[in-house]
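Colleague: I am new to this one and would like to learn how to read it. Could we go through it together?

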Amino acid sequence: MSDKKTIIRSVGAYLPARILGNEELARTVDTSDEWIVQRTGIRQRHIAAEGENTSDLAAAAGRKAMENAGLEIGDVDLIIVATTTPDMTFPATAAVVQQKLGMHHGAAFDIQAVCSGFVYAVATADSYLKNGLGKRALVIGAETASRILDWDDRTTCVLFGDGAGAAVMELGKPGEDRGVLATALRSDGHFWNKLYTDGGPSSTRSMGHIRMEGKEVFKHAVGMITDVVYKVLEDTGHTIDDLDWFVPHQANKRIIDGAGVKLGLPPEKVVVTVDRHANTSAASVPLALNTAVADGRIKRGDLVMIEAMGGGFTWGASLIRW
Ligand code: UT7
């Protein structure tokens, strides 16, 4: 196993053109802009166009990440797509992305850890590359959550959006003091029925829609998030004060604020995009990373904590020296 660290060389993102604001949504379901903003912080979400699939969003974000690194598809030998909304039951959406990017070599597979998918994918790519199984990975979180929403269920349809974010990961140079420092991944399947789709190939032979006991998820979220954050800090000998940026999963502004307060993080170190993107599940963390890199907040050398929590329940955090 290499003693080198896996670095995130670049990030990229893609959001579908159509923006659905709260007011517009309130014309079709019994809700209001006021309720959504007050309870979630969400003001709008992007919605994929008819015929625009998760693989299209993923490929667009992947292309952007490669472009930002000055790389081409021939330079990548692993594609991981974290998604809960695959184009098809099989093959993996990563295989379709591979075809769309014109890649014939290497390996491609999906990761299903719902909203924690990107953190799981970063951990997987980190281990894969450190163990010499590949040289460079395109790690993508991509979702068309709009396709599995029950648009008549106001308790869920106001919460989610579509989008994709991607990162190019590779081994750093010997002695380079940056990269993924530590990751903690957790799941507890006893909570699966608190957040799930009421269908699937093996159970109902259909796709199902998102069902959630929102209060139950909320109740556990802050504790689970802070546990894994403390774990990676402890594993690396860092403290909360060392963090330059906290890039959380974007499900609900109240959960983000709750975690921030419990951790003792100043709000100006917390990256928030839930107001513009809503909850994009596996895409939310890379979309937020891309936002903060693109606007110049996250810079080389910064200490960045990413975290997520969602269906399963799954949760996890990763500490990255950028
Ligand atoms: O990615 C990880 C997965 N997801 C999450 O992290 C989500 C976690 N949960 C949450 O974010 C929150 O629980 C929600 C935003 C889903 C709900 O917020 P809440 O403060 O827990 O509200 P609630 O479920 O207790 O509902 C309060 C009221 C209810 O009415 P009554 O019973 O008090 O009359 C709901 O029927 O709000 C009503 N309500 C709505 N009203 C207007 C629920 N949804 C809506 C809506 N518009 N969209």
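Predicted model: local features only at pLDDT ≥ 70, side-chain atom pairs only at ≥ 80, totals over all residues.

Colleague: Which residue forms a salt bridge with Lys253?

Modeller: The general idea is that side chains of opposite charge can pair when their charged atoms come close. Here the partner is Asp257, with the closest N and O atoms 2.9 Å apart. Both residues belong to helix H8 and sit four residues apart, about one turn of the helix. Asp257 is partly exposed too, at 36% relative accessible area.

Colleague: How many salt bridges are there in total?

Modeller: The count comes to 17. Another one joins Asp275 and Arg276, at 3.6 Å from N to O. Asp275 is partly exposed at 24% relative accessibility, and Arg276 is partly exposed at 34%.

Colleague: Which parts of the chain does the salt bridge between Arg211 and Asp153 tie together?

Modeller: That pair meets at 3.7 Å, N to O. Arg211 is in strand E10, while Asp153 is in the loop between strand E6 and helix H6, so the bridge ties together parts 58 residues apart in sequence. Asp153 has 16% relative accessibility, so it counts as buried. Asp153 and Arg211 also belong to a network of salt bridges with Asp150 and Asp198.

Colleague: Now for the nonpolar side: which residues touch the most other members of the largest nonpolar core?

Modeller: As a general idea, nonpolar side chains tend to be buried together in soluble globular proteins. The largest nonpolar core here has 45 residues, and those touching the most other members are Ile225, Val229, Leu243, Phe246, Met305, Met309 and Phe313. Among the elements giving two or more residues to this core are strand E8, helix H8 and strand E12. Helix H7 gives the most, with nine residues. At least three residues come from each of domain 1 (6-171) and domain 2 (179-321).

Colleague: What is Met309 in contact with, leaving aside its neighbours within four places in sequence?

Modeller: Its contacts include Cys115, Val217, Met224, Ile225 and Trp315.

Colleague: Which residues does the second, separate core include?

Modeller: That core has 34 residues, and Met169, Val271, Val285 and Ala288 are among them.

Definitions and conventions: Residues numbered from 1 in each chain as written. Heavy atoms only, no water. Core = buried A, V, L, I, M, F, W, Y, C linked by side-chain atoms within 4.5 Å. Buried < 20%, exposed > 50% of the residue type's maximum accessible area, 1.4 Å probe, protein only. Domains from an automatic or database assignment. Contact = heavy atoms within 4.5 Å. Salt bridge = Lys/Arg side-chain N within 4 Å of Asp/Glu carboxyl O.
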